[in-house]
Amino acid sequence: MKEFRIAVFTSGMSRGSNFEAMVNVFKEMKLPIKIEFVLITRRNAPIKERCERLGIPIFHAGTKDWKAFEAKIITKCKESNLDLIALAGFMKQITPTIIDGVGCPMLNIHPALLPNYGGKGMFGSNVHKAVFADGCKESGATVHQVNEHYDEGDIVAQERVDITKCNSPEEIAKAVLKIEHSVYGRAVWNFLNK
Ligand code: GRF
């Protein structure tokens with residue numbers, strides 16, 4: 001069976017819980033998916049500890065000079081002959097140069113039920129604060145393809161969670177993160193096998 005080659009992109013001070021959950025799903029389901037490297041944009045990102053513990057290579061590229069960043073990651077992705085890139089806490093905008101240059105599709109996970117609560121500025125706690133303020137009864141996680149507009153690519157997987165018992169944005173975040181962890185690895189596998 002073909003072994004798929006993927007990379008995980010993170011940025012800033014990413015904690016990497018989706019990355020680790022994905023590794024666990026691949027292991028538990030014995031899936032032939034190899035994570036070639038995890039991109040970090042800050043050398044002191046907490047996700048480094050998880051990569052080291054799990055024995056997955058880290059690739060650092062700073063974003064201060066954006067053109068140099070694009071060139072560096074495009075070269076690395078091409079060299080790695082990837083089948084897919086999974087964004088997991090990559091908060092920068094993916095530009096057309098990157099989309100055209102990397103030579104493989106990209107997925108992202110968003111902590112809400114897209115097309116609601118997506119777009120510019122809708123990341124991290126902002127999403128859960130907005131969901132809470134609107135008094136939503138449910139939220140969830142969406143895995144979608146990445147295009148040059150924030151959170152607008154085709155949806156490939158979505159799972160809902162009841163949040164009627166959540167009393168704060170933080171509680172919603174916790175409930176949604178649990179869903180994210182179960183949905184992303186399986187969505188990656190399903191997408192690779194399409
Ligand atoms: C997740 O909530 C994900 O939906 C969003 O960024 C967060 C990353 O969390 N895109 P972690 O680093 O995987 O723990």
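In this predicted model, a backbone N or O atom of G16 lies 2.8 Å from an oxygen atom of the ligand, a polar contact being a pair of N or O atoms within 3.5 Å.

As to conventions, local features need pLDDT of at least 70 and side-chain atom pairs pLDDT 80 or more, while totals for chains, interfaces and linings use all residues. Residues are numbered from 1 along each chain as its sequence is written, and side-chain values use heavy atoms, without hydrogens and water.

The shell around the ligand (a heavy atom within 4 Å) consists of S14, R15, G16, S17, N18, G89, M91, I109, H110, P111 and E180. By class, three of these residues are nonpolar, six polar and two charged, with Gly counted as polar.

I turn to the site itself. The ligand sits in the largest pocket, in the sense that more than half of its atoms lie within 2 Å of the grid points. A pocket here is an open set of points on a 1 Å grid over the protein atoms alone, where a 1.4 Å probe fits, with protein on both sides within 12 Å along at least five of seven lines; lining residues have an atom within 4 Å of a point. This pocket is lined by 40 residues, with G89, M91, P111, F123 and G124 nearest its centre.

How values were computed: A polar contact is a pair of N or O atoms within 3.5 Å; within protein, one must be able to donate a hydrogen and the other to accept it, and residues adjacent in sequence count only if both atoms are side-chain atoms.
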